[in-house]
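Please look over the sequence and the model first.

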Amino acid sequence: MRYRLTFVVGMALGYVLGTRAGRERYEQLRKTARQVSQNPAVRNTAESAAQQGRQFAGKAFHVVSEKVGDRVPDSVSERVRSLRERNANGTRTEDDWGTSNT
């Protein structure tokens, strides 16, 4: 499903960028894209994908930190700790993708 969605989004983007149909067709595509993005099923799928990405990133961090050890710069480890603490507090904030960090 993820690959189909990526393919469809890529096709739509390519069509919008390559079309010569004019402004009307562009506005029509933009309206359709907005409707699709506001669909609850699409939003739930995006949220679950973002959550899975955060889980995989956390696992990758643990694997890398075991191998790298104390060689990570202090600024990086402080940033990671602050992000983990913020997420551990149960606060729900928006990330750069418009999904919530839960």
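Accessible areas here come from the Shrake-Rupley method with a 1.4 Å probe. On that basis the accessible surface of the protein is about 9,000 Å², and carbon and sulfur atoms hold 56% of this surface. The model is predicted.

**Overall make-up**

- The protein contains four helices and zero strands, and its pattern along the sequence reads α-α-α-α.
- Of the 102 residues in the protein, 6% are buried, where buried means under 20% relative accessible area.
- Taking contacts between residues at least 6 apart in sequence, 32% join residues at least 24 apart.

**Helix H1**

- Helix H1 covers residues 2-18, which is 17 residues.
- From first C-alpha to last, H1 reaches 24 Å, close to the 24 Å expected at 1.5 Å a residue.
- H1 is hardly covered, and the count of buried residues among its 17 residues is zero.
- Valine 8 is located in helix H1; its relative accessible area of 51% makes this residue exposed, the cut-off for exposed being over 50%.
- Phe7, Val8 and Met11 make up a nonpolar patch on the surface. Together, Phe7, Val8 and Met11 have about 330 Å² of accessible area.

**Salt bridges**

- How many salt bridges does a search of the whole structure find? The search finds two.
- Side chains of opposite charge can pair when their charged atoms come close.
- An α-helix has 3.6 residues a turn, so residues three or four places apart point the same way.
- Glutamate 27 is partly exposed at 30% relative accessible area, and arginine 30 is partly exposed at 35%.
- A salt bridge is also formed by arginine 54 with glutamate 47, where the closest N and O atoms are 3.7 Å apart.
- Is glutamate 47 buried or exposed? Glutamate 47 has 19% relative accessibility and therefore counts as buried, whereas arginine 54, at 24%, counts as partly exposed.

**Helix H3**

- Helix H3 spans residues 40-68.
- The 29 residues of H3 should span 42 Å at 1.5 Å a residue, and the 41 Å between its end C-alpha atoms agrees with this.
- Which residue caps the N-terminal end of H3? Asparagine 39 does, through a side-chain oxygen that lies 2.9 Å from the backbone nitrogen of alanine 41.

**Pairs of residues involving H3**

- Threonine 45 is in helix H3 and is partly exposed, its relative accessible area being 42%.
- Threonine 45 and arginine 2 are 43 residues apart along the chain, and their C-alpha atoms are separated by 9.4 Å.
- Serine 65 is also placed in helix H3; with a relative accessible area of 26%, serine 65 is partly exposed.

Notes. Residues are numbered from 1 along each chain as its sequence is written. This is a predicted model: local features need pLDDT of at least 70, side-chain atom pairs count only at pLDDT 80 or more; totals for chains, interfaces and linings use all residues. Side-chain values use heavy atoms; hydrogens and water are left out. Helices (H or I, at least four residues) and strands (E, at least two) are DSSP runs, numbered from the N terminus. The expected span of a helix is 1.5 Å times one less than its number of residues. Buried means under 20% relative accessible area, exposed over 50%, partly exposed in between (1.4 Å probe, protein chains only). Patches are made of residues with over 30% relative accessible area and no salt bridge: like charges are joined within 9 Å, nonpolar side chains (Val, Leu, Ile, Met, Phe, Trp, Tyr) within 5 Å. A salt bridge is a side-chain nitrogen of Lys or Arg within 4 Å of a carboxyl oxygen of Asp or Glu. Contact means heavy atoms within 4.5 Å. A polar contact is a pair of N or O atoms within 3.5 Å; within protein, one must be able to donate a hydrogen and the other to accept it, and residues adjacent in sequence count only if both atoms are side-chain atoms.
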